[in-house]
Amino acid sequence: MTQPQLEALTAFPTMIYSVEKPEFVEQVRTVSLDMLKDAQPANALHPVRMSGPMEMDPRLQEFARFTAIAAGNILTDQGYLTNGKGAYFESMWCQEHHRSSGMDQHTHPESLMVGFYFIDVPNGSGAATFYDPRPGKVATGPREADMANVTYASNAFHLAIKPGLLV
C-alpha cells in the first residue's frame, strides 16, 4: 500500500528570539548597579540579588524603546493584530547571580513577552535553559531521539549567553 503524502502544519510552536545588542551594555549596567545598591546582599542561602523596578528610569529610555519595538514586531510577525497598539514594559528589573545560583522553571501569566538582557557573564558561567511551556506535551510526549539536537521533540534546550545578548 502506498503511503499518502502528509501535509505538515506548524501549530503551537514556541519561538525564542535573540539578538546581540552590545551597545546597551554600559547603559544598562550603570542603572542596574545603581538599583542593586538597595538590594539584600547575596549569601549562601540566597545567592541572587534582585533590584527594584527599573522600567521608569529615564536612563533606560533608548534600551526600553528598542526592546519594546522588537517585541511589537515579533507579535506582528506572529500574526497578532497590533495596528495602532504599542508595546510597553510592565516591569523591568536586574538580577545578579552568584556562585551556583540559577532560576527554576516558571511562567509569567498574563505576559505576552518575557525577555532577558545579559550585561555580565563571567568565564565559566552556565547557559540559559529554556523549557517547553506546554505541560501536556512534556507530560505525555514520547522521549527525544537525540537530546543533543534542538527539535520539535525537545523539552528544553540550552542557549550560550554573553554580554549584550537580548533574548
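This is a predicted model: local features need pLDDT of at least 70, side-chain atom pairs count only at pLDDT 80 or more; totals for chains, interfaces and linings use all residues.
Reader: Does D132 count as buried or exposed?
Author: The cut-off for buried is under 20% relative accessible area. D132 has 9% relative accessibility, so D132 counts as buried.

Reader: Which side chain is joined to that of D132 by a polar contact of 2.6 Å?
Author: A polar contact of 2.6 Å links two side chains here. One belongs to D132, and the other to R134.

Reader: Leaving aside neighbours within four places in sequence, what is D132 in contact with?
Author: Contact here means heavy atoms within 4.5 Å. Neighbours within four places in sequence are left aside. The residues in contact with D132 are then Q105, K137, V138, S154 and N155.

Reader: Which residues lie nearest the centre of the second largest pocket?
Author: R134, the polar partner of D132, is one of them. The pocket has 20 lining residues. Those nearest its centre are T14, R134, T151, Y152 and S154.

Reader: How many residues in the lining of the second largest pocket are nonpolar?
Author: The space in this pocket comes to about 440 Å³. By class, its lining has five polar and three charged residues. The nonpolar residues number 12.

Reader: Why does R49 count as buried?
Author: R49 is found in strand β2, residues 48-50. Buried means under 20% relative accessible area. R49 counts as buried because its relative accessibility is 17%.

Reader: Which side chain makes a polar contact with the side chain of R49?
Author: The side chain of R49 also reaches a backbone oxygen, that of L36, at 3.4 Å. Both L36 and E96 are among the residues in contact with R49. The side-chain partner, at 2.7 Å, is E96.

Reader: How far apart in space are K21 and Y117, C-alpha to C-alpha?
Author: K21 is in the loop between β1 (19-20) and α1 (25-36). K21 touches F66, Y117 and G164, not counting residues up to four places away in sequence. K21 and Y117 are 96 residues apart in sequence. In space, C-alpha to C-alpha, they are 8.9 Å apart.

Reader: Does F12 count as buried or exposed?
Author: F12 has its place in the segment before β1. Its phi is near 80°, a positive value in a residue other than glycine. Exposed means over 50% relative accessible area. With 70% relative accessibility, F12 therefore counts as exposed.

Reader: In what order do the elements of the protein chain run from the N terminus?
Author: The chain has three helices and six strands. Its C-alpha trace spans about 70 × 45 × 25 Å along the principal axes. From the N terminus on, the order is β-α-β-α-β-β-α-β-β.

Reader: What share of the 167 residues in the protein chain is buried?
Author: The chain exposes about 12900 Å², and carbon and sulfur atoms supply 56% of that. D132 counts as buried, and R49 does too. Of the 167 residues, the buried share is 22%.

Technical notes: Residues are numbered from 1 along each chain as its sequence is written. Side-chain values use heavy atoms; hydrogens and water are left out. On a 1 Å grid over the protein atoms alone, a cavity is a set of points where a 1.4 Å probe fits but cannot get out, and a pocket is an open set with protein on both sides within 12 Å along at least five of seven lines; lining residues have an atom within 4 Å of a point. Grid points are joined across faces, edges and corners, and a volume is the space filled by probe spheres set on the points. Ala, Val, Leu, Ile, Met, Phe, Trp, Tyr, Cys and Pro count as nonpolar, Asp, Glu, Lys and Arg as charged, and the others, Gly among them, as polar. Helices (H or I, at least four residues) and strands (E, at least two) are DSSP runs, numbered from the N terminus. Buried means under 20% relative accessible area, exposed over 50%, partly exposed in between (1.4 Å probe, protein chains only). A polar contact is a pair of N or O atoms within 3.5 Å; within protein, one must be able to donate a hydrogen and the other to accept it, and residues adjacent in sequence count only if both atoms are side-chain atoms. Accessible areas come from the Shrake-Rupley method with a 1.4 Å probe; for residues, only the protein chains shown count as cover.
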